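User: I would like to go through the terms used for this structure and see what each one rests on. Please set the values against the definitions.

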Amino acid sequence: MGASLCRLDSHKWPKHSYADLMTQINTGDKMKNLAKLGFLMCLSLATIHNTLVAAEWADRTTISGFSSAIYQQTDEHVAFDGENHIGVAQHGSFKGTRFGININSQISDRVRLASQILSSKENSDFSTKLDWAFISVSLSDSLTLRTGKVKYPVGILNEYVAVGYAYPWIAPPSLMYSLQSNGPQATREAYTGANLLWTREINDFLTSVDIFYGEVQLNMMRVHSMTGSTIKISWQDRISLQTSYYRGSMDPDIEEAHGMEENAMTMMTQSMEGEPHSAFVIGTKAEISDVLLFAEYADIDMGEFKTGKGTSWYTGGGYHINDFMPYGSVEFYEKGKNTMNYSKQYKATAGLRYDVLPNTAVKFEYSRIHTSAGSGLFDHAPEKSDVNMYGVSLDVVF
Amino acid sequence: MTNKITIKIILILLTTTLSSIGMSNEFAVITNIDNKLDSLSAKDVRSIYLGRKNSINSIVIKPVQLVNGNAAHEFLLQNIIGKKPKQYKAYWTRLIFSGKSAPITTLKSEQEVLNWIQNNSNGIGYISTSAITDKVKVLYQQ
């Protein structure tokens with residue numbers, strides 16, 4: 001950009017300034033001095049221009065952030081919601097501790113670039129990734145096109161699942177939202193592709209339709225050619241109903257599955273290859289006065305790969321009492337019925353959220369996990385059928 | 001005599017009730033004097049501050065809001081949006097971190113809103129009616 005400014009012609013400069021400058025230059029070294037002067041002028045103009053561009057860019061860009069510091073512990077040595085060195089077990093875990101930065105740049109009146117960088121504790125260290133990033137083009141007052149890596153619009157909480165401040169629990173109901181390979185696989189982090197989002201407000205009703213197409217990378221597989229839609233109807237912003245359906249084709253990821261035994265890996269690969277992966281998810285949320293309620297149900301199908309077929313649901317809510325909110329929920333998850341890997345699990349949670357500051361919340365939580373078949377979200381079958389889990393978190397947005 | 005006292009009591013109660021539910025002139029949505037928009041409905045104002053509209057009648061808008069504690073901001077939340085400050089904050093947290101909307105710029109005072117509106121042709125802001133000047137255009141008033 002600076003270079004283009006150097007093409008300024010002398011005849012475009014103010015006449016008296018140009019003449020004054022000319023008289024100050026020794027005629028013998030005229031060409032040499034002119035070159036020096038030109039270089040300095042270009043440098044100055046480029047600096048000024050770049051500063052202005054930076055100022056304009058800063059004016060169009062906003063940066064927000066969030067963090068969640070989590071500690072959870074169970075009374076079972078087999079880890080829950082993660083492998084033994086990652087999940088929550090009796091030795092305690094900071095799993096889920098994370099930091100995120102959200103950057104929004106308004107490129108033009110109708111084009112916006114949005115992205116989120118997320119750094120989260122995976123095992124002994126943190127890993128940082130581009131959580132999502134997309135270009136959003138406002139096609140009309142009610143129609144928006146987004147393309148890039150877009151947050152998965154399936155599940156009421158999923159689009160802001162990393163932001164603990166935004167929901168009552170320490171973590172979203174895991175029997176519905178866990179992304180572990182032994183989990184329900186109902187929803188995802190983000191997909192790479194494009195979506196068309198249509199919103200319309202009619203009287204007290206807000207309706208939105210999100211049609212998306214793309215692919216997602218999961219634990220041990222990739223779902224490609226994924227097509228889906230999410231329809232949401234909200235009344236006065238108090239009660240909303242959201243339903244989604246998507247369908248894609250599974251492609252086992254051998255590299256991701258390197259930890260498995262060879263025979264198991266071969267069997268899994270053969271049974272998954274080319275099979276469909278679809279899910280139907282429906283949920284409702286009510287926020288009336290001080291009462292907050294959630295309920296969601298998911299039905300997952302993976303064609304002939306029966307181990308992946310399952311259902312999941314949860315219901316819960318909270319009640320605002322000034323800066324406090326006691327909350328509770330019940331969750332259920334069943335997967336692989338009539339197979340060797342059948343799992344059935346329940347989880348009941350009670351907790352207290354305290355909003356210490358307008359942007360900071362502390363949560364204390366107790367859960368009881370009952371496994372009636374298989375391992376559920378445990379790394380392998382737990383010794384106890386009923387496991388107690390305790391947790392505390394600090395959530396901040398800024 | 002008894003009737004006059006009754007009427008007076010009713011008038012006092014009515015005045016108190018009306019002012020308490022915000023029927024007095026204390027809130028105005030303003031824009032730049034050169035903006036093509038001439039008016040907004042309460043529904044438009046609500047949609048703008050809930051991040052649902054980036055344009056009205058195909059005219060692109062750029063809203064700003066005031067900090068918590070400002071009277072006009074409290075009027076907006078209570079009478080137009082219908083959310084408590086905590087609910088409004090939680091709502092915007094969900095919107096921003098899902099990528100559905102960029103955050104609205106927050107200014108500290110009504111004077112800052114006036115200055116900002118004068119320098120932004122597509123700017124939308126709100127102030128107390130007492131702060132209105134002839135350098136801005138009023139789009140909505142309550």
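Analyst: A:Asn338 lies in the loop between strands E13 (324-335) and E14 (343-357) of chain A. Strands (E, at least two residues) and helices (H or I, at least four) are DSSP runs numbered from the N terminus. The model is predicted: local features need pLDDT of at least 70 and side-chain atom pairs count only at pLDDT 80 or more, whereas totals for chains, interfaces and linings use all residues. Residues are numbered from 1 along each chain as its sequence is written, chains are lettered from A and ligands numbered from 1 in the order in which they are written, and side-chain values use heavy atoms, with hydrogens and water left out.

User: Why is A:Asn338 called exposed?

Analyst: Exposed means over 50% relative accessible area, buried under 20%, and partly exposed in between (1.4 Å probe, protein chains only). A:Asn338 has 77% relative accessibility, so A:Asn338 counts as exposed. A:Asn338 also has a positive phi of about 65 degrees although it is not a glycine.

User: What makes A:Gln185 buried or exposed?

Analyst: The relative accessible area of A:Gln185 is 4%, so A:Gln185 is buried. This residue is found in the loop between helix H4 (174-177) and strand E6 (190-202) of chain A. A:Gln185 is not a glycine, yet has a positive phi of about 60 degrees.

User: How do you know that E12(A) and E13(A) pair?

Analyst: Two strands pair if DSSP finds at least two bridges between them. E12(A) and E13(A) run antiparallel and are joined by 9 bridges, with A:Gly310 and A:Lys335 as bridge partners. Strand E11 (residues 291-301) of chain A pairs with E12(A) in the antiparallel sense over 10 bridges; there A:Asp299 stands opposite A:Thr311.

User: What makes strand E12 of chain A mostly covered?

Analyst: The count of buried residues: 7 of the 10 in E12 (residues 310-319).

User: Why is A:Glu201 with B:Arg52 called a salt bridge?

Analyst: The rule asks for a side-chain nitrogen of Lys or Arg within 4 Å of a carboxyl oxygen of Asp or Glu. In A:Glu201 and B:Arg52 the closest N and O atoms are 3.3 Å apart, and the pair forms a salt bridge. The rule finds 7 salt bridges across the interface of chain B and chain A.

User: How many residues of each chain are in contact?

Analyst: Contact means heavy atoms within 4.5 Å. By that rule 28 residues of chain B are in contact with 35 residues of chain A.
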